[in-house]
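Please keep the sequence and the structure in view while reading.

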Amino acid sequence: TRIMISTRSGNTPAPDDTWSPWSETEDFASATFVARSPAARFLQYRLRLDGTAEAFPSLDAIRLYYAEANQPPAITTLEAKPIPRERNKDEAPRRSGPVNSAPGSATRAIELTWKAEDPDGDPLAYTVEIQRGGSDRWHVLEERLSGGSFRIDTIGLPDGPARFRVTADDRDGNWRGYERTHARTTNWLTIDNTPPEIVALEWDR
């Protein structure tokens, strides 16, 4: 004896021409079955019970389990702000750090702040990356952040243009393979931590 099953799916309460065709009939002997029909609002199953006069299968109940389609998160805002370094009152002013820092300040850090949301309410984690000017590669600065901000010390970074990318993922709230991501990138900034240098000095007597 054996029990065979096939399914079809659609988005209307009653099956019509918009529904998928019946899937291939599969053996239901293991008592578990994964529907092969396309994802939709409604699912219909069809059973075939094969037996003999002496032995015939029976089925008392079927229980269906489903998961709603995971919607991606969204980073709605992303800002990069230079953080001036506090200077002793006797220290001479110097221009240093990313562009747009205030004259006379010595910027040593950039603070990234962002806001994100997930329509399913999944917990989000964030990855921060940097891309150098003239390169297509992104380098990870930090992973699995849970907050909405990250401070970057620019001392260890080479001078020149750079931009930052924050990626949100909802893997902690979904099965592997069903997680979704969303990324947002800052504008280009100029990192300049090298002070000016006098290479020659001349004067007239």
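A residue is called buried under 20% relative accessible area, exposed over 50%, and partly exposed in between, with a 1.4 Å probe and protein chains only as cover. The model is predicted, so that local features need pLDDT of at least 70 and side-chain atom pairs count only at pLDDT 80 or more, while totals for chains, interfaces and linings use all residues. Residues are numbered from 1 along each chain as its sequence is written, and side-chain values use heavy atoms, with hydrogens and water left out.

The account begins with a sheet. Strands are DSSP runs of E with at least two residues, numbered from the N terminus, and two of them pair if DSSP finds at least two bridges between them. In general, strands of a sheet pair through backbone hydrogen bonds, either parallel or antiparallel.

Strand β1 (residues 2-10) is joined to β2 by two bridges: M4 has D27 as its bridge partner, and I5 stands opposite E26. Towards β3, nine bridges join β1 to its antiparallel partner, and one of the pairs is S9 with L43. Because seven of the nine residues of β1 are buried, this strand is largely enclosed by the rest of the structure.

Together with Y45 and L64, L43 forms a nonpolar surface patch with about 280 Å² of accessible area. Such a patch joins nonpolar side chains (Val, Leu, Ile, Met, Phe, Trp, Tyr) within 5 Å, from residues with over 30% relative accessible area and no salt bridge; a salt bridge is a side-chain nitrogen of Lys or Arg within 4 Å of a carboxyl oxygen of Asp or Glu. The areas come from the Shrake-Rupley method with a 1.4 Å probe.

Attention now turns to the interior. A nonpolar core is a set of buried Ala, Val, Leu, Ile, Met, Phe, Trp, Tyr and Cys residues joined through side-chain atoms within 4.5 Å. The largest one has 19 residues, of which L112, W114, Y126, V128, F164 and V166 touch the most other members. Strand β9 gives the largest share of this core, four residues.

Technical notes: Patch = residues over 30% accessible without salt bridge, like charges linked within 9 Å, V, L, I, M, F, W, Y side chains within 5 Å.
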